[in-house]
Amino acid sequence: MLRISCILISCMLIFFSPLLHAKVLVGDFSVEFGIFGQVGKVHAVLTSGDKYYVIDANVSAEGIAKAVTDNLKERHISKGHVVKGFLVTDMYQMIKSFGPYTTTTIYSVNHRTKRVTRQYKKWKYDKQIINDKETLDYYAKDDLLTLFLNLPLHIKEKYRPKKYHFKAVGEDRKNGRVDITIPSKKALKEIIHFVGEGQEEDWYSTVVMHRKLYHSKQGELDVRIGKEGLVEKAVLKDLIFFGDVRIIKQ
């Protein structure tokens, strides 16, 4: 649950994609994991205007995952500005609590110097035990939340097979890499096997986060998106023993 929460947050936010012009949007989602059933829930709020935006998403473990993760709770916050319809991140923060521990990771983006700094703090009970700060080796305008919200603007031809390479603050400390592929006809058959065949105007993509999430090879996610930009189904692939991770809008 600790490792998979970012990918759940990211995929969940695609539900908001066609609705960026609204002032306030609220979404609630459940997360199911193979034979274990529901393992988490997500509550997210997007507040946007002509110049600025704020995304506030909360993740909490449920069922067996609550015991395994020591009552994991997470909060993801993205703040930034709007440029030609794109959400451009200025700050991305992840706050986690589990058992006696609390951590916060803050990414600050300087678009003038094209630098990203990462500050990580950790407490055990009320005592701070870690306080590290570093400048990362890459620069990005997207973070893990805004990348998927900006996806309809990033990808114009949603049915033409093509590979896209993005960088997202918060994804990876080395390069922030996220790969998204619009599949060929041959690859599409396999994706449909996982996410089902949708309506005529549905489109499909494979998202690779380059993380070994729950024994998956590289955090590879198959996604089916409806004609209005709403995710119909998303499946984390290549899991050993446990089955699929499914993300469901409530």
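This is a predicted model: local features need pLDDT of at least 70, side-chain atom pairs count only at pLDDT 80 or more; totals for chains, interfaces and linings use all residues.
Q: How many helices and strands does the chain have?
A: The chain has 5 helices and 15 strands.

Q: How much of the chain counts as buried?
A: Of its 250 residues, 47% are in that group.

Q: What share of the contacts joins residues at least 24 apart?
A: Take the contacts between residues at least 6 apart in sequence: 47% of them join residues at least 24 apart.

Q: Why is Leu149 called buried?
A: Buried means under 20% relative accessible area. Leu149 has 1%, so it counts as buried. You'll find Leu149 in helix H3, which covers residues 146–149.

Q: What makes E4 and E5 a pair of strands?
A: Pairing takes at least two bridges between the strands. Strand E4 (residues 73–83) and strand E5 (residues 86–98) are joined by 11 bridges, so they pair. They run antiparallel, and Lys73 stands opposite Ser97 in E5.

Q: How do you know that E5 also pairs with E6?
A: Same test here: at least two bridges are needed. There are 8 bridges between E5 and strand E6 (residues 101–110), so this is a pair too, and it runs antiparallel. On this side, Ser97 stands opposite Thr102 in E6.

Q: Which residue in the turn between E5 and E6 has a positive phi?
A: That's Gly99, with a phi of about 55°. The hairpin of E5 and E6 has 2 residues between the strands.

Q: Which residue takes a positive phi in the hairpin of E4 and E5?
A: Look at Lys84, whose phi is near 50°. This hairpin also has 2 residues between its strands. Lys84 has that positive phi although it is not a glycine.

Q: Why is Lys84 called exposed?
A: Exposed means over 50% relative accessible area. Lys84 reaches 83%, so it counts as exposed. Its place is the loop between E4 and E5.

Q: Why does Lys114 count as exposed?
A: The cut-off is again over 50%. Lys114 has 55% relative accessibility, so it counts as exposed. Lys114 lies in the loop between E6 and E7, and it has a positive phi of about 55° although it is not a glycine.

Q: Is Arg118 buried or exposed, and what makes it so?
A: Arg118 has a relative accessibility of 12%, under the 20% cut-off, so it counts as buried. Arg118 is found in strand E7 (residues 115–124).

Q: What makes the link between Arg118 and Tyr107 a polar contact?
A: A polar contact needs N or O atoms within 3.5 Å. The side chains of Arg118 and Tyr107 are joined at 3.5 Å, and the link counts as a polar contact.

Q: Why do Glu134 and Arg118 count as a salt bridge?
A: The nitrogen has to be within 4 Å of the carboxyl oxygen. In this pair the N to O distance is 3.5 Å, so it counts. The pair links distant parts of the chain: Glu134 is in strand E8 (residues 127–135) and Arg118 is in strand E7, 16 residues apart. Glu134 is partly exposed, because its 28% falls between 20% and 50%.

Q: How do you know that Asp179 and Arg177 form a salt bridge?
A: Their closest N and O atoms are 2.7 Å apart, within the 4 Å limit, so the pair counts. Asp179 has a relative accessible area of 9%, so it is buried. Arg177 has 38%, so it counts as partly exposed.

Q: What makes Arg224 and Asp202 a salt bridge?
A: The closest N and O atoms are 3.3 Å apart, again within 4 Å, so the pair counts. Arg224 lies in strand E13 and Asp202 in the loop between helix H5 and strand E12, so the pair ties together parts that are 22 residues apart in sequence. Arg224 has 13% relative accessibility, so it counts as buried, and Asp202, at 7%, counts as buried as well.

Q: How many salt bridges does the count come to?
A: By this rule, it comes to 5 salt bridges.

Notes:
Residues are numbered from 1 along each chain as its sequence is written. Side-chain values use heavy atoms; hydrogens and water are left out. Helices (H or I, at least four residues) and strands (E, at least two) are DSSP runs, numbered from the N terminus. Buried means under 20% relative accessible area, exposed over 50%, partly exposed in between (1.4 Å probe, protein chains only). Contact means heavy atoms within 4.5 Å. A polar contact is a pair of N or O atoms within 3.5 Å; within protein, one must be able to donate a hydrogen and the other to accept it, and residues adjacent in sequence count only if both atoms are side-chain atoms. A salt bridge is a side-chain nitrogen of Lys or Arg within 4 Å of a carboxyl oxygen of Asp or Glu.
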